[in-house]
Amino acid sequence: MENYIVEMLNITKEFPGIIANDNITLNLKKGEVHALLGENGAGKSTLVSVLFGLYQAEKGEIKKNGKEVKINNPNDANDLGIGMVHQHFKLVEIFTVLENIILGVEPNTLGFLQKTDARKKVMELSGKYGLKINPDALIEEISIGMQQRAEILKMLYRENEILIFDEPTAVLTPQEIKELLKIMRDLAQEGKSVLFITHKLNEIIEVADRCTVLRKGKYIGTVDIKDTTKEELSRMMVGRDISFNIEKKLTEVKEVVLSVKNVTVPSKLHKNNAVKNISFDVRGGEIVCLAGIDGNGQTEFISALTGLEKVSSGTIILGGKDITKSSIRKRSVSGMSHIPEDRHKHGLILDYSLEENLVLQRYWQPEFQNKGFIRFHAVRNYAECLIKKYDVRSGQGPITMARSMSGGNQQKAIIAREIDKDHEVLVAVQPTRGLDVGAVEYIHKQLISRRDCGKGVLLVSLELDEVMNVSDRILVMYEGEIVGELDPKKTTVQELGLYMSGAKRNTVKEIDNAE
Amino acid sequence: MSTVYYLIQNMLPVAIPLLLVALGGMFSERSGIVNIALEGIMLFGAFFGALFVFFIQKSQIDPQVIILIGMVVAGFSGLIYSLLLSFAAVTMKANQTITGVSLNMLIPAAILLFSKMFFNSDGITTNMNFYIRKVPVLGDIPFIGEMFFQKTYLTVVLGLFFLVISVIVFYKTRFGLRLRACGEHPQAADSVGINVYFMRYAGVSISGILGGIGGFFYSVGVLDGNVNGHTGVAGFGFLALAVMIFGQWKPIRILLAALFFAFLRTLAYSVVLIPFLDNLGINQTYYKMLPYIATMVVLAFTSRKSRAPKAEGIPYDKALR
Ligand SMILES: Nc1ncnc2c1ncn2[C@@H]1O[C@H](COP(=O)(O)OP(=O)(O)OP(=O)(O)O)[C@@H](O)[C@H]1O
Ligand SMILES: [Mg+2]
């Protein structure tokens, strides 16, 4: 009998219409990094939330060091030394890093805050684990990476020995991911136990000792990483083989569908322009990828392209029509579909039902309304049809609230809506962020099917693998400019990296301007 | 110079109720509960304060001591009244704006009814002199003495005292830190073991206490200890909301905003004393619109930049993610 620091035995947790955890068992050893793997909606976040006391399981028990414990709220979890970095950070934006770290366990005399000692302790921890932070910076002013370090320090400050990370790498840059994985290993070496949720199999292979796999709320198994492979893990996870190589047939490139000419976009953060005079074309039947490190103007450019922001100069031509000043609706009708970067903010109305979200781009068409009144049965039929065609899974079908759906299925709903409407060009911004390998494969297939239908696809991605495998042509953005145009078949990841970091540049062939 | 003294002496008793009520609003909103009910809470506090004064005025107790006790009575009644808001908004998760509006409508009517029944008038008229001609010693300091310690009310000093306490509680204590977290990101507060419901009850209760006291101070410093069901507190509760927003939900800025509005109001009532304004020959009634028009203008221009507590107005529900 091994001795485990935490045992979660036969945990069952239900939500309306769905059993999120069905009789799941998970054992955590002291000093190990334990990965938790599963498709979107498999119940990973639910399971760790039960351990952290955010949800109460209907059935099952939790043991710490062999003794049964009740965890009714995060306070109980904290008393047992359990800490968690949530999928969506729980930081107060207008507080400083230090204030966020001590919140809830504030050192005080008679209720008055005593920050000096706390600061010393935080800086010691920061130095010891290489978690660089500025204790006096406001959360709203620091990078996502530093916010995450603040979250980790929050756990270490509380001297937690069981550390839960819910998809910590989904929001980080490749460099930050490397640092984080190293920190996790260091923590495990120290004797802390790390429970780590991720969709990226490479990360699991690199950092974890063992991995527990869930599928659709059920326990599939726990494996030692030493004796397994990526392929086996993904088979356990989705129940079939996943191909990591993307198959693309050759297609004919057609005429230009989207043409961007000398577009400049001002920045909201600083006085310089975020996007500086960029020009390129997207043709029907090709996937053009806008690559680059986060924060080099991609977000601002996409906002201008899709009409969320104004350009300060330049023109955007879609299917022969100048849409530079058109409204978002007009752009959509003229043939632009958009899978936005932030699916919660720009992709869905979280408190609307799935069916309402699915007709957001079309409810005004005669098919769905009559003199201003929505034709509900038409909406329902259409939604059911899309749900089936694109395999969008949810607790209650068309009437599920978008908020309660898992990330992957929220993304599938957006994709269904955007692909199913008439379009000439599909703008997809980080469409696979936070998604499981099955969903990633699915989305890549959808993008490629658009291309094969002769549509243009503009893909914005931060992930090198995706950039190299999916695209037909790569444009690298650096500091608001396009610094290189590459052919994925003739280039290497290393070379791409050089362009992305600004170390190398070539002048873009100015085909578009020659016309 | 004497005009300046006059303006300051008259401005402060007006500024103090605005300050206190706006600070109350700040505590409530920074904990996450929109408090439109301030007008009602003020009037409730003013009414019980005045009622207390009415019954005690025959005794030989010193007027300044009566203010102190009246303050406690008013603060306590404000607290009780605010519990209706917390119960509806926190426990029952009701819409905070509607709850606030209904609490505001209830009070003037209740006061009128009560006064008609028991006093056969529209309100409570007391006969007490709270005015301080000159504070001994301090009143003799050149300039300062005349500005702050002559022809004034005890309420001014008390109000500033409450401001200092508020700043300390808000920024220097564990309680303040937790309260502010609940108004910004209640899920974050919850995840580190803070009881969001309790903190919100506390925030609204403080606004009840300060609102009630503010109402009583309004009745003392502006209405000479009377309360009337028709005119109520003349929209001061709403003005305090504007002061709070103009003050960006921060105590020191709220003080400045309160002084600004009080100055405008005092100016409007003292037009005859200022030759330049008097010579313009505009009917004085127009000037009385000044603080209210300023509210609209100021809010129209500052609202774009203002940053309200992020979670205010949204009932906290543990189950949502
Ligand atoms: N608060 C809730 N109310 C209703 N249903 C919920 C709630 N939380 C989760 N669910 C449902 O429970 C299931 C499991 O969700 P969970 O968030 O645990 O998945 P996950 O494995 O973390 O997925 P992802 O990889 O997308 O984060 C999903 O179908 C989800 O829709
Ligand atoms: Mg999750």
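The points below cover the metal site, the ligand shell and the backbone.

This is a predicted model, in which local features need pLDDT of at least 70, side-chain atom pairs count only at pLDDT 80 or more, and totals for chains, interfaces and linings use all residues. Residues are numbered from 1 along each chain as its sequence is written, chains are lettered from A and ligands numbered from 1 in the order in which they are written, and side-chain values use heavy atoms, with hydrogens and water left out.

**Magnesium ion (ligand 2)**

- Ser45(A) (OG) and Gln87(A) (OE1) are the protein donors, 2.0 to 2.6 Å from the magnesium ion.
- Donors are N, O and S atoms within 2.8 Å of the metal (3.2 Å for Na, K and Ca); water is not among the atoms, so sites may look incomplete.
- Helices (H or I, at least four residues) and strands (E, at least two) are DSSP runs, numbered from the N terminus.
- Gln87(A) is partly exposed, at 31% relative accessible area.
- Buried means under 20%, exposed over 50%, partly exposed in between (1.4 Å probe, protein chains only).

**Shell around ligand 1**

- Of 22 residues around ligand 1, Gly41(A), Lys44(A), Ser45(A), Thr46(A) and Ser404(A) come nearest.
- Near means that a heavy atom of the residue lies within 4 Å.
- Chains A and B both surround ligand 1, so the site is shared between chains.
- Domain 1 (4-238) and domain 3 (349-421) of chain A both contribute to the shell, so ligand 1 lies between them.
- Domain bounds come from an automatic or database domain assignment.
- α1(A) gives the largest share of the shell, three residues.

**Polar contacts of ligand 1**

- Polar contacts here are pairs of N or O atoms within 3.5 Å.
- A polar backbone atom of Gly41(A) is 2.8 Å from a ligand 1 oxygen.
- For an N or O atom in the side chain of Ser45(A), the distance to an oxygen atom of ligand 1 is 2.7 Å.
- A polar side-chain atom of Gln87(A) lies 3.3 Å from an oxygen atom of ligand 1.
- Alone, ligand 1 exposes 640 Å², and the protein buries 91% of that.
- These areas come from the Shrake-Rupley method with a 1.4 Å probe.

**Positive phi**

- Most residues other than glycine have a negative phi.
- Glu479(A), not a glycine, has a positive phi of about 45°.
- Glu479(A) is in the loop between β23 (473-478) and β24 (481-486) of chain A, and is partly exposed at 46%.
- Phe143(B) also has a positive phi, near 55°.
- Phe143(B) lies in the loop between β2 (132-134) and α5 (144-148) of chain B, and is exposed at 54%.

Definitions and conventions: A polar contact is a pair of N or O atoms within 3.5 Å; within protein, one must be able to donate a hydrogen and the other to accept it, and residues adjacent in sequence count only if both atoms are side-chain atoms.
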